[in-house]
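Here is a walk through one protein model. Start with the sequence, then turn to the fold.

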Amino acid sequence: MARDLLDPETVQRELAGVKWGLDGHHLVKDLTFADFREAMAFVNRVAELAEERNHHPDITISWNKVGLRLTTHDRGGLTDFDFDLARAVDRLGEG
């Protein structure tokens, strides 16, 4: 998988295939769960995916809410790595 920055047209095309938003050079996703335990279980599943791919999102947790932000920091923007992880997270299911 390439680690080249994606051009704006490619980013827009890729966005159509994921359940994430765009905030500047970051993919963003906010999820709500029934309680803290469910939120943490989800975060742990995301952590496993991130470790498998050696690509880690920024994660915020507030009781039953989880926020995810993805970008390829060493490239300064979005790459295929971000959309690959976003699709994998989407497959985990929604909160």
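Among contacts between residues at least 6 apart in sequence, what percentage join residues at least 24 apart? The share is 69%, with contact meaning heavy atoms within 4.5 Å.

This is a predicted model: local features need pLDDT of at least 70, side-chain atom pairs count only at pLDDT 80 or more, and totals for chains, interfaces and linings use all residues. Residues are numbered from 1 along each chain as its sequence is written, and side-chain values use heavy atoms, leaving out hydrogens and water.

The protein has 3 helices and 4 strands. Along the sequence they run α-β-β-α-β-β-α. These are DSSP runs, numbered from the N terminus: helices are H or I, at least four residues, and strands are E, at least two.

The radius of gyration, over C-alpha atoms, is judged by a globule rule of 2.2 Å times the number of residues to the power 0.38. For 95 residues a compact globule would have a value near 12 Å, so the protein's 13 Å agrees.

Now take the hairpin. Strand β3 (residues 58–62) pairs with β4 in the antiparallel sense over 5 bridges; pairing requires at least two DSSP bridges. S62 has K65 in β4 as its bridge partner. The turn holds 2 residues, and W63 there has a positive phi of about 45°.

Finish with helix α3, residues 80–92. Its buried residues include F81, F83, L85 and V89, where buried means under 20% relative accessible area (1.4 Å probe, protein chains only). Their cover includes α1 (8–15), β2 (26–32), α2 (36–53) and β4 (65–70). G93 follows α3, with a positive phi near 105°.

Conventions: The expected span of a helix is 1.5 Å times one less than its number of residues. Buried means under 20% relative accessible area, exposed over 50%, partly exposed in between (1.4 Å probe, protein chains only).
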